[in-house]
Amino acid sequence: MTCAETFAAYALRSIGIGEKLLPKTDFTLCQQFTLIGSGLIWNVYFGFVALAFGFFLANALALAKTARSPLLRKPADWFVFVFRGSPLFIQFFLAYETLVLLPRSGINVLGMTVDTSWLTKAWAGALIVMVLNTAAYSAEIFYGALRSIPKGDLEAADAYGLTGWQRFRRIEWPTMLRLGWPGYTNEAIFLLQSSTLVYFSGFPAFQQQGDALYYANYFADKTFNPFIPYPIVAFYFICLTLAVIWLFGRVNRHLNRHLPQNMRSRIRLRPQVIR
């Protein structure tokens with residue numbers, strides 16, 4: 001099987017498209033790169049979908065932590081404390097055991113039993129844990145950014161008569177993002193790399209449709225040589241990290257586009273005719 005045929009057969013295997021059976025003998029470098037890259041689709045799914053949902057939850061938690069009412073502030077504080085204070089692997093384990101027990105106990109809504117077995121799959125259960133985990137860490141980043149908003153910006157908003165939602169939308173939220181974005185970029189990189197823990201979490205891979213570490217472990221077990229598949233995983237994640245840095249860097253430049261040091265100066269040619 002040529003490398004092109006291998007790519008056509010296994011490039012999308014992790015999402016159920018292509019060859020069903022894994023190679024048994026004569027493992028080539030092309031097969032390892034292709035299958036591990038196929039599994040990387042799930043790592044990208046876990047990382048970026050968790051970031052998308054966790055971003056909005058983190059904003060809500062950061063606002064709740066700044067609320068005057070203890071009914072909003074205390075639950076947000078405890079949520080952040082629990083998820084930041086416990087290891088992500090333990091959160092995976094506890095979530096899986098809890099979600100496995102749900103179908104046994106049964107959930108009745110309006111006299112109908114709701115099927116919750118789908119929550120025990122990695123694509124749903126592990127994703128929920130990652131959303132909650134990144135929301136807790138990101139909320140603390142955004143909360144610190146909210147507390148660091150320059151007092152002069154708030155006084156200027158008051159001087160212009162901006163209050164309530166208008167003040168938050170036009171002054172506080174953009175400034176919070178601008179101040180907290182470098183820290184949030186680090187959280188995005190950490191979350192993407194933490195997606196490899198799903199393989200050890202107990203959430204089963206549906207029909208051998210595992211992530212990058214799933215296929216790397218398969219090749220390491222079959223060839224008794226971990227020094228090829230695991231560096232391939234590292235290579236792929238380095239490429240993903242560079243992509244995240246570039247993407248979040250573009251967003252950071254957009255958020256800070258109004259600052260003088262980020263404005264492009266025009267080149268002015270002024271020939272000196274008379275000395």
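## A buried serine in a loop

Ser-195 is buried, with a relative accessible area of 0%. Here, buried means under 20% relative accessible area, exposed means over 50%, and partly exposed covers the values in between, computed with a 1.4 Å probe and protein chains only. The model is a predicted one, in which local features need pLDDT of at least 70 and side-chain atom pairs count only at pLDDT 80 or more, while totals for chains, interfaces and linings use all residues. Residues are numbered from 1 along each chain as its sequence is written, and side-chain values use heavy atoms, with hydrogens and water left out.

Ser-195 belongs to the loop between helix H7 (164-194) and helix H8 (212-223). Helices (H or I, at least four residues) and strands (E, at least two) are DSSP runs, numbered from the N terminus. Although Ser-195 and Trp-42 are 153 residues apart in sequence, their C-alpha atoms are 8.5 Å apart in space.

## Overall architecture

The protein contains nine helices and two strands. Along the sequence, these elements follow the pattern α-α-α-α-β-β-α-α-α-α-α. Of the 275 residues in the protein, 41% are buried.

Helix H2 spans residues 29-65, and helix H3 spans residues 70-85. The axes of H2 and H3 come within 7 Å and cross at roughly 125 degrees. Axes are lines fitted to C-alpha atoms, for helices over the stretch in contact, and angles run from 0 to 180 degrees between N-to-C directions. H2 passes H3 in a left-handed crossing. A crossing is left-handed if the near helix is turned anticlockwise from the far one by less than a right angle, and right-handed if clockwise.

H2 also packs against H9, at an angle of about 40 degrees and with the axes 10 Å apart. H2 and H9 are therefore oblique to each other. The crossing of H2 past H9 is right-handed.

## Salt bridges

How many salt bridges does the structure hold? There are four. The term describes a side-chain nitrogen of Lys or Arg within 4 Å of a carboxyl oxygen of Asp or Glu. One of them joins Lys-65 to Asp-77, with the closest N and O atoms 2.8 Å apart. This pair links distant parts of the chain, since Lys-65 is in helix H2 and Asp-77 is in helix H3, 12 residues apart. Lys-65 counts as buried at 10% relative accessibility, whereas Asp-77 is partly exposed at 25%.

Lys-65 also forms a salt bridge with Glu-140, at 3.6 Å from N to O. Because Lys-65 lies in helix H2 and Glu-140 in helix H5 (residues 122-147), this pair ties together parts that are 75 residues apart in sequence. Glu-140 counts as partly exposed, at 27% relative accessibility. Through shared partners, salt bridges join Lys-65, Asp-77 and Glu-140 into one network.

A further salt bridge is formed by the side chains of Arg-167 and Asp-158, at 2.9 Å from N to O. Asp-158 is partly exposed, with a relative accessible area of 44%.

## A nonpolar surface patch

Which residues form a nonpolar patch on the surface? The patch consists of Phe-89, Ile-90, Phe-93, Leu-94 and Phe-200, which together have about 470 Å² of accessible area. Patches are made of residues with over 30% relative accessible area and no salt bridge, with like charges joined within 9 Å and nonpolar side chains (Val, Leu, Ile, Met, Phe, Trp, Tyr) joined within 5 Å. Accessible areas come from the Shrake-Rupley method with a 1.4 Å probe, and for residues, only the protein chains shown count as cover. Phe-93 lies in helix H4 (residues 88-105) and is partly exposed, with a relative accessible area of 41%.

## Positive phi angles in loops

Asp-26, a residue other than glycine, has a positive phi near 55 degrees. Asp-26 is found in the loop between helix H1 (3-10) and H2, and counts as exposed at 66% relative accessibility.

Phe-224 is not a glycine either, yet has a positive phi of about 55 degrees. Phe-224 is placed in the loop between H8 and helix H9 (229-255). At 73% relative accessibility, Phe-224 counts as exposed.

Methods: Angles under 35 degrees count as roughly parallel, over 145 as roughly antiparallel, 65 to 115 as roughly perpendicular and the rest as oblique.
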